Amino acid sequence: MRIAVVGGGPGGLFFAALMRQADPSAEVTVFERNRADDTFGFGVVFSDRTLEAIHEADPVLREALTEHGRHWDEIEVRLKGERVRCGGNGMAAVVRRTLLLLLQERARDVGAGLRFSTEVTLDDLDGYDLVVAADGAGSKIREELGPGLGTEVETATAKFIWFGTDYLFDGLTFVHERGPDGVFAVHGYPISDSVSTFIVETDEESWRRAGLDEFDVTQPPGVSDLKSKEYLEKLFAEQIEGGQLLTNNSRWGNFRTRRTRHWHTLDPRPVALLGDAVHTAHFSVGSGTKMAMEDAVELARALTDHPGDLAAALAAYERTAQPSVRKIQDSARPSLAWWEHFGRYYDTFQPWQFAYHFLTRSIGDARLARRAPEFVASSHGGWITEHGTEPLETPFAGANWSTPGRLVDVVTDTGGTPVAVRGTPDLPLSAGPVAGGGWGALLKAPDTEAGLAEVFARLAGLPGPDGPELVAVHGGTPLTRTLVCERARMRENLPVLSIEPEPDRDRALTKVLSGRAELVGVAR
């Protein structure tokens, strides 16, 4: 069997090595358009909990991380002069170029062919039985195949740029600074004894105010945005102790999340796709390289388990590889959404609550407590210091209505629509003011993020002398409910009740303690 792998990144190289180890009779050739020692970006990071399948398939990554990488257990969040630490987050990182050179060596050792500075199309690969597209987010092979794969792409609103720095972070560190033009944030982590990765994010308004939109994006790959480098070195000078930022194709972009229904095709010829060519997840969950290497494991296994039957092998590859990718992408979406709004959180929260809000963007209080009990206990302590009791036991009082705790019952009509909240007295819910007393505005969250603008417009009209005592948000998805709740709290300054479809004390606790809602209720 002759296999052409297009793309010499971690996924393509790892697949080539695994395939040759599993079937030495297979001829595997990797075609990479760049030179062997070219690489964009700086480091790759992996969570300790996610590497079992990769290590089991081949120890090359474990050896790279052990001999050349940096390991840490804590996440640090810096803002407003404070540093908040959270343990239980075992991670390791390595220089991307080091990992690629080790993967190249492993692929050569097992007999895979590597051709660098060679760009190919499907027409150039007619003599191969299978083409594996591992050529990244801008995959030329995927584009050649056309729309039949069922690809969906969502573009984030936040801007990001990727640097390195000669300042060494202790571990994964998130730094937030409000400068004269807005709030900017850093994802930083060490990748060697002398260099850290330094990714910066901001909102588009701050980016434009700072004049960072002037870089000529038509310049060829490799040219870096030096104006942004100088601006960010100055903004973060104290945080990196006067260190320098390092460039490598460093230019601003908007992250694009790619979801693809079909990861292979047999017509007009057998092609399998893996890694960023077929799916992406926001870098804040640190899973891009991991997912590509896990795809390589599953594709090599499927081809080995179904010798001589490409149709069965590629169908098996999709069945086994897609579920874990979907799970990561689902958890990455709320993480990406957090980064689209972090300036608002910076302005709203104290450091302890900001850190808790950040670290619970994809998980709940109980799961975080298992991982980092001291951090969660400290977060509860921050609430108790301010309110005198645990979050869900804290009373809430409006002008005409009160409740002894933050978990409330919501009364519905025969059609299941919320109509009132139990309290002293019961608070009616409606679309507009209720005669004779207080009322709560009932808003339905949209089923997709595309519908948020309409709901936000309704929210903007609620504050005023006849405005509601609170906003009750129901329906939609967990993410859209949260975004509507936060908009009401942080933009319109209205207390919020999040109405959940079913009882979940841990979810309620997380929402209240994180500041996503004042109250949580269940319709009954």
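Select Arg-333 and Glu-340: their side chains meet in a salt bridge, 3.4 Å from N to O. The term means a side-chain nitrogen of Lys or Arg within 4 Å of a carboxyl oxygen of Asp or Glu. Arg-333 is buried at 14% relative accessible area, and Glu-340 is buried at 17%. Buried means under 20%, exposed over 50%, partly exposed in between (1.4 Å probe, protein chains only).

This is a predicted model; local features need pLDDT of at least 70, side-chain atom pairs count only at pLDDT 80 or more, and totals for chains, interfaces and linings use all residues. Residues are numbered from 1 along each chain as its sequence is written, and side-chain values use heavy atoms, leaving out hydrogens and water.

Next, pick Arg-85 and Asp-170. Their closest N and O atoms are 3.1 Å apart, in a salt bridge. Arg-85 sits in strand 6 and Asp-170 in the loop between strand 11 and strand 12, 85 residues apart. Strands (E, at least two residues) and helices (H or I, at least four) are DSSP runs, numbered from the N terminus. Arg-85 is partly exposed at 36%; Asp-170 is exposed at 55%.

Now show the open sheet: seven strands, order 6-5-12-13-14-11-15, mixed pairing. Strand 6 (82-86) and strand 15 (245-246) are at the edges, each with a single partner strand, so one side of each lacks a neighbour in the sheet. Pairing takes at least two DSSP bridges between two strands. Strand 11 (residues 159-165) and strand 15 run antiparallel, joined by two bridges. Zoom in on Gly-164, which stands opposite Leu-246 in strand 15.
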